[in-house]
Amino acid sequence: MNVTTIPEGTKLTVIAEGKLGTTAAPELENAVKNNIDGVTELIFDFEKLEFMASAGLRVLLSAAKTMKKQGSMKIIKVNPEVMEVFTFTGMADMIDIEAI
Amino acid sequence: MKQKKKKIALVITIWLVVIVLASCALSATLTYITLSKRTDRQTRDLVRQNVENVSRDIEEMADESILIYVKDLLNSEYITTANIADPDALSRELCEFCNGYGIEINVVNKDGIIIASSVPEYIGYDMHVGEQASEFLVLLDGSTEQYIQDFRGNSYDESIKMKYAGMRFSDGSGFLEVGFTKDSYFDAVSLQAEFATTNRQISENGYLMICDENLNILNSFHNTYTGKSISEAGITIDPSKTYDYFEEMCDVFGVPSYVNINKVKGVYIIGVYSVKEAVAELRTMMLASIILEATVFAILFVALSILLRKLIVNNIIKVNDGLAQITDGNLDEKIEVRDTYEFDSLSTDINATVDKLKGYIAEAAARIDADLEVARTIQTSVLPNEFPPFPDHHEFELFASMRSAKEVGGDFYDFFMIGMDTLGFLIADVSGKSIPGAMFMMRGKAVIKNLAESGMPPADVFSIANEKLCEGNDAELFITAWMGYLDLKTGTVHVANAGHNPPVLVRDGRAEFVILKPGLMLAGMEGMIYKEQTMQLGRGDILYLYTDGVTEAMDADENQYGEDRLLKLLSFKDDHPEPSGDNGIAGAVCEMVSADIEQFVQGAEQSDDITMLCIRYLGEG
């Protein structure tokens, strides 16, 4: 999985490409942790994300908790498969998630 | 900006250049000093040698010419047997002959008495008497043909300095003695000197000069110099001193030169060699020498550079390449650069270090494995595994299984009776792994069970459990869970869903996912309120709960088992009927799914716990 971060002042966009499984989750976690200071608007672009496992959920949940104190968080361009995971874990009700 | 390190080859090349240049300079200097001295010595020797040669020639030939003169005189008309018979007449003739020429002629008989002489006073003189004269007596005993002396005072009168030469009469009747004054002798000498110096050079650039006792140049290679005084030439000669190959440096006719002066037979032989010419030769030799040295050093330099590259740089590159392989992850790669002692040693040491590291890694991996074993043991030990769990209850069949992955996913299930008429059951999936996951799993299970056994509705159980589990959850783990309370009398199931996979309901052979609005997973976020939901089970209905270890089981190509396949498997028809077995239909269903998953993955490594719980509601009676 590839993670790209695009910092734009207090807005941070994190693009994840590929499969977000157990081995890939730390990479996403680091990308968020290293860049989250001072961010008031966090956006996850999951257009190229094929798949997500629970390890990925943990990273997103953690980010959501942090952003709850700092500003806002949004996950955009989510494909149906990944959307399903968000739905039945109840994440869809907690986090602002937009389908593709 | 980080300073780029210089290449070792470059550093050594620069040093080599500096050293080579320094060596060249030092060598050139030493060569110059040595050659200078040598040139100086050689030039002096050359000049001296030439002066020597000329001196010797003059000495020999001066005497020789005198003897020839005497011989000529002996064979001439003056000295005949007839003339000797009349000595007085002969004497008068001799006197006439010698007059003004500075020579003296004496005829000596076999007894050593002068019988005729150009000097009347000498007639009757006995040669035996004087030391000088008596030396000539050797001409009488028949052993010697001729005899010549150096300039000296004669026996008659010491103050008279003459050079005497004598030659024996062929008939043995005596000998002829001729004496030369300085002047007359000098003519003979100067003739020779002239002869010796004409056309005579010292090498290409030197020359000789001859001057008389009056310090006038008699003859020289350079004709223009003849007749000039030696002091005009710039050379000072002190007539009172002896000159025995005397070396000096002076300006000869304005040209700085090496000079060698030898006095022989009353003449001064002077050798002259221009310093400039000597230096020019030196310069040529120096140039040749430097070119040779530079060539040698250049070859040395190139050879060293090549050697360096071959022996060191290339080998270092090879070692680096090997190390790159190792850091890429190939820990079995060996460094084999062994053509010199140091590299052999280096290779061995690197390989030993890598082996050691492999050992440590293996140890660490083993420790992790041991940890995982502990976690797995914890996990399996807390899950109820006696089936049927409640043999007295015939309202339902229940079976559950959990097969943990190596990495231990922390799945669990649980079931308990709440009062006589309610069966509580749940399935859950902890997000963490290994020991932290196992510990959180135990905590979660205990918290939920405690709350549930108190009779609290499932949604409230989750709400409170969520708060409790959020506390002290530094690792930020969470638990998805699906819990149901089955009313054994009515078949109603009160459900709480904390983000877990929807279970499958199989009714009359038709399989469907039970979609109920999920709350967030437990320990995800504080302040969550879970809403209770309800569903209904009819007699014979099968409710199949599972974790994502089932649907996300992967084969070698990373294809997932998937929800569709599960649904299809749980759809029972004539050609694929409801299974049955020792553990009832519920048990058989679980075994069937397990077997199907195994067949699907085809031996690929299990990445997550495969957990399932199956209930078949039979109803009362």
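A: Start with contact: two residues are in contact if their C-beta atoms, placed from the backbone, lie within 7 Å. This is a predicted model, in which local features need pLDDT of at least 70 and side-chain atom pairs count only at pLDDT 80 or more, while totals for chains, interfaces and linings use all residues. Residues are numbered from 1 along each chain as its sequence is written, and chains are lettered from A and ligands numbered from 1 in the order in which they are written.

Now the core. A nonpolar core is a set of buried Ala, Val, Leu, Ile, Met, Phe, Trp, Tyr and Cys residues joined through C-beta atoms within 7 Å. Buried means that 20 or more other C-beta atoms lie within 10 Å of the residue's own; exposed means 12 or fewer, partly exposed is in between, and C-beta atoms are placed from the backbone. The largest core has 107 residues. Leu486(B), Leu522(B), Tyr544(B), Met612(B) and Cys614(B) touch the most other members. The largest share of this core, 7 residues, comes from helix α2 of chain A, residues 54–70. Helices (H or I, at least four residues) and strands (E, at least two) are DSSP runs, numbered from the N terminus.

Take Cys614(B) in detail. Leaving out residues up to four places away in sequence, Cys614(B) touches Phe399(B), Ile542(B), Tyr544(B), Ala586(B), Val589(B) and Cys590(B). In soluble globular proteins, nonpolar side chains tend to be buried together. Another core, of 58 residues, lies apart from the largest one. Its members include Met167(B), Val178(B), Ile202(B) and Tyr207(B).

Chain A has 4 helices and 6 strands. From the N terminus, its elements run β-β-α-β-β-α-β-α-α-β. Of its 100 residues, 39% are buried. Of the contacts in chain A with a separation of 6 or more, 66% are between residues 24 or more positions apart.

Chain B has 12 helices and 22 strands. Buried residues make up 32% of its 621 residues. Among its contacts between residues at least 6 apart in sequence, 62% join residues at least 24 apart.

The two chains meet. 11 residues of chain A are in contact with 15 residues of chain B. The chain B side has 6 nonpolar, 6 polar and 3 charged residues. Here Ala, Val, Leu, Ile, Met, Phe, Trp, Tyr, Cys and Pro count as nonpolar, Asp, Glu, Lys and Arg as charged, and the others, Gly among them, as polar.

Finally, some local backbone features of chain B. Strands β18(B) (residues 504–507) and β19(B) (residues 510–513) run antiparallel and are joined by 4 bridges; strands pair if DSSP finds at least two bridges between them. Val504(B) has Phe513(B) as its bridge partner. This hairpin has 2 residues between the strands, and Asp508(B) takes a positive phi near 55 degrees.

Phe253(B) has a positive phi near 50 degrees. Phe253(B) sits in the loop between β10 (246–252) and β11 (255–264) of chain B. It is partly exposed, because 14 other C-beta atoms lie within 10 Å. Glu558(B) also has a positive phi, about 65 degrees, in the loop between α10 (548–551) and α11 (563–569) of chain B. Glu558(B) counts as exposed because it has 11 C-beta neighbours inside 10 Å. The peptide bond from Phe387(B) to Pro388(B) is cis, with omega near -5 degrees.
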